[in-house]
Amino acid sequence: MNYLTVENISKSYGELTLFENLSFSVHKDQKIAFVAKNGTGKTSILNIISGEDTADAGTVTYRKDIVVSFLSQDPKLDNNLTVEETIFASDNAILKVIANYEKALLNPEDSEAYQKAFEQMELHQAWDFETLYKQILFKLKLEDLSQKVGNLSGGQKKRLSLANALINKPDLLILDEPTNHLDLEMIEWLETFFAKENITLFMVTHDRYFLERVCNEIIELDEGQLYSYKGNYSYYLEKREARIEQFETETGKAKQLFKKELEWMRRQPKARTTKSKSRIDDFQDIKHRAHQRRQDHEVQLELNMERLGTKIVEFHKVSKSFKDKVILKGFDYAFQKSERVGIIGKNGTGKTTFLNILTQTTQPDSGKVVLGETIKFGYYTQKGIAVKPDQKVIDVIKEFGDYIPLKKGRQISAQQLLERFLFSRKKQYDFVEKLSGGERKRLYLCTVLIQNPNFLILDEPTNDLDIVTLNVLESFLMDFPGCVIVVSHDRYFMDKVVDHLFVFKGEGEIEDFPGNYTDYRVYEDSQPAVSAEPTEDKKDKKAWKQNEQAKLSYNEEKELKNIESKINSLNYDKKALEDKFNNPDLSPEDINKLSEKLQTIIDDIEAKETRWFELLSKLEG
């Protein structure tokens, strides 16, 4: 079943042609990743098929009556709404039923309204849906439903937009870099979610493990042509390499044939026969094929790095807190030469604060950080490059000088340096504000590396970089002779680059794990699991469900199925209310109101658990 058809679309900006006459389609149950180099129009294509932009030519056609959700790089949300109001602003009918039920919960004295809302939940079988949407918000760390959108960080807004798209349960979901602003735990949950949900996907992502585990087809835009690969990322890499090898072989043959035909052309008299005219026409085609060039360049930079001394960086009993939030607690560590450390942990556990303490832009509460005399940091932050009005790409590099020093007393011009970072001479005179997100990140990376650091700190360096640039950056870092610290949610990148991990567990606890991210996940998965069920062990439930359910009537089976969802949903409500008690600005009146609401939910949970045990004992009887 065809959900989306894109036919012969083209897009240009002035003299810059992004793409021409591109056609592809998306069918039910496909999970497609769209792959291309930075600056070739990935986001423009997504904006065109989502309706946020229009093509210069061509058509985009959707199947009638399908639900489509779109996650953009810069979500457009109403800053005046709360998180909960943003969710309920959807046209989804079941969400409106849940919204009425949530409202009734907050007004327990109106028993008639509560009963009516409860009956509507039953009628629309909304309990499972309510549990699903609260689980999505919980997994994406959006538990404070009363928080205003205007007070959210950029990452929180992106996660809220993602939650909205998932909760809408679309037939087709279009995603632009869905893993940006997600921590590793969220990404792995999203992989599992997409694996079990029947959602058709079309997305741009650079996360290669995500590509491997979620996608069943990859479409690549390369040198203006589209290529489709029916498989995951590993299959794509294998077939892409074979295609490029075939291209090089055919180009080599065309070059040999071109030399032969060129000699014939030079020997021919002015008078042409019909046969020779046909050969001349063929010659033009051979000439074109022989002169084809792939724009595959590698970032190259020979750093004039200052030698590291015996003392690099030492932490001595360093502690740091923000009010009641502990980031570091008596942290001791001494970095060694050529050390490569990956930093992982949930959002908000203090990873960026740690880096700021390391670079001495933030001071610890106690303890000290001692730097070696020859240490020169290169700090790639999440903020990226500061764009100045009317500044051109070449001007950014010339701020460091017209010539940049390299090893052994050699130097390189600003133009040559930019060419090594994949900016053509023409591109160097583009305005920085017109670069794509990935191109800006590549330019920013260039400005960090040309300052010849011997201790590199990379905070989420992979966001918005294309896969080609990521592969080159990985190779560069593996040969880099200095120290490297990487904070990244890109597991593939971490596995290739780092030797060990600092795992930020929260409350100031940092575990030094001897291995890469995959090693850590294997270790974590081998640990005994802790059940999060509110009433009974999952395995026990599964056993009695399978073996004893026949003892219940049809209505009792239905009740038993629904009651677990209701209990889970009420527990989410209970936790959200309990979290509100942490607000130090609550008045006694606010506390009384919250206490009443909390007691209503607790009573409801107890009543449903009692009924759950009644049905369970009936089974066991």
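Modeller: Before we start, contact here means heavy atoms within 4.5 Å. And keep in mind that this is a predicted model.

Colleague: Fine. Which residues of H5 meet which residues of H7?

Modeller: On the H5 side they are Leu132, Ile136 and Lys139, and they meet Met186, Trp189 and Phe193 of H7. By class, that contact has five nonpolar residues, no polar ones and one charged.

Colleague: And at what angle do the two helix axes cross?

Modeller: Roughly 150°, and the axes come within 10 Å. H5 covers residues 127-139 and H7 covers residues 184-196.

Colleague: What does that make them, roughly parallel or roughly antiparallel?

Modeller: Angles over 145 degrees count as roughly antiparallel, so H5 and H7 fall in that group.

Colleague: Let me step back a bit. How many helices and strands does the protein have?

Modeller: There are 20 helices and 20 strands. The protein has 621 residues, and 46% of them count as buried.

Colleague: What share of the contacts comes from residues 24 or more positions apart?

Modeller: That share is 68%, taken over contacts with a separation of 6 or more.

Colleague: On to sheets. What is the strand order in the six-stranded one?

Modeller: The order is S5-S6-S7-S3-S8-S9, in an open sheet with mixed pairing.

Colleague: In what sense do S6 and S7 pair, parallel or antiparallel?

Modeller: Parallel, over five bridges, with S6 spanning residues 172-176. One spot to look at is Asp176, whose bridge partner in S7 is Val204.

Colleague: What about the sheet of three strands, what's the order there?

Modeller: That one is S11-S10-S13, also described as open, and the pairing is antiparallel. Its edge strands are S11 (325-334) and S13 (366-371). The twist from one strand to the next averages 20°.

Colleague: How many bridges hold S10 to S11, and how many join S10 to S13?

Modeller: S10, residues 313-322, has six bridges with S11. Five bridges join S10 to S13.

Colleague: Who does Glu314 sit across from in S11 and in S13?

Modeller: In S11 the bridge partner of Glu314 is Ala334, and in S13 Glu314 stands opposite Val370. Further along, Ser321 stands opposite Val326 in S11.

Colleague: And what's in the turn of the S10 and S11 hairpin?

Modeller: Two residues lie between the strands, and Lys323 in the turn has a positive phi of about 55°.

Colleague: Which helix lies across those strands?

Modeller: H11, residues 351-358, lies across S10, S11 and S13, and runs at about 130° to S10.

Colleague: Changing topic: how many aromatic pairs turn up?

Modeller: A search of the whole structure gives 32. One of them is Phe24 with Phe202, a stacked pair at 5.3 Å centre to centre and 5° between the planes.

Colleague: What about Tyr233 and Tyr236, what kind of pair do they form?

Modeller: A tilted one, 5.9 Å centre to centre with 35° between the planes. The two tyrosines are three residues apart in H9 (residues 233-267), so about one helical turn separates Tyr233 from Tyr236. Both Tyr233 and Tyr236 are buried.

Colleague: Which residues make up the ring cluster?

Modeller: Ring pairs link Phe315, Phe331, Tyr333, Phe335, Phe354, Phe377, Phe455, Phe502 and Phe504.

Colleague: Last one. Where is Tyr227, and what does Tyr227 touch?

Modeller: Tyr227 is in S9, residues 225-229. Leaving out residues up to four places away in sequence, Tyr227 touches Ile218, Ile219, Glu220, Asp222 and Arg243. At 27% relative accessibility, Tyr227 counts as partly exposed. Tyr227 and Phe24 are 203 residues apart in sequence, with 9.8 Å from C-alpha to C-alpha.

Conventions
Residues are numbered from 1 along each chain as its sequence is written. This is a predicted model: local features need pLDDT of at least 70, side-chain atom pairs count only at pLDDT 80 or more; totals for chains, interfaces and linings use all residues. Side-chain values use heavy atoms; hydrogens and water are left out. Axes are lines fitted to C-alpha atoms, for helices over the stretch in contact, and angles run from 0 to 180 degrees between N-to-C directions. Helices (H or I, at least four residues) and strands (E, at least two) are DSSP runs, numbered from the N terminus. Angles under 35 degrees count as roughly parallel, over 145 as roughly antiparallel, 65 to 115 as roughly perpendicular and the rest as oblique. Ala, Val, Leu, Ile, Met, Phe, Trp, Tyr, Cys and Pro count as nonpolar, Asp, Glu, Lys and Arg as charged, and the others, Gly among them, as polar. Two strands pair if DSSP finds at least two bridges between them. Rings of Phe, Tyr and Trp (its six-membered ring) pair if their centres lie within 6.5 Å; planes under 30 degrees apart count as stacked, over 60 as edge-to-face and the rest as tilted. Buried means under 20% relative accessible area, exposed over 50%, partly exposed in between (1.4 Å probe, protein chains only).
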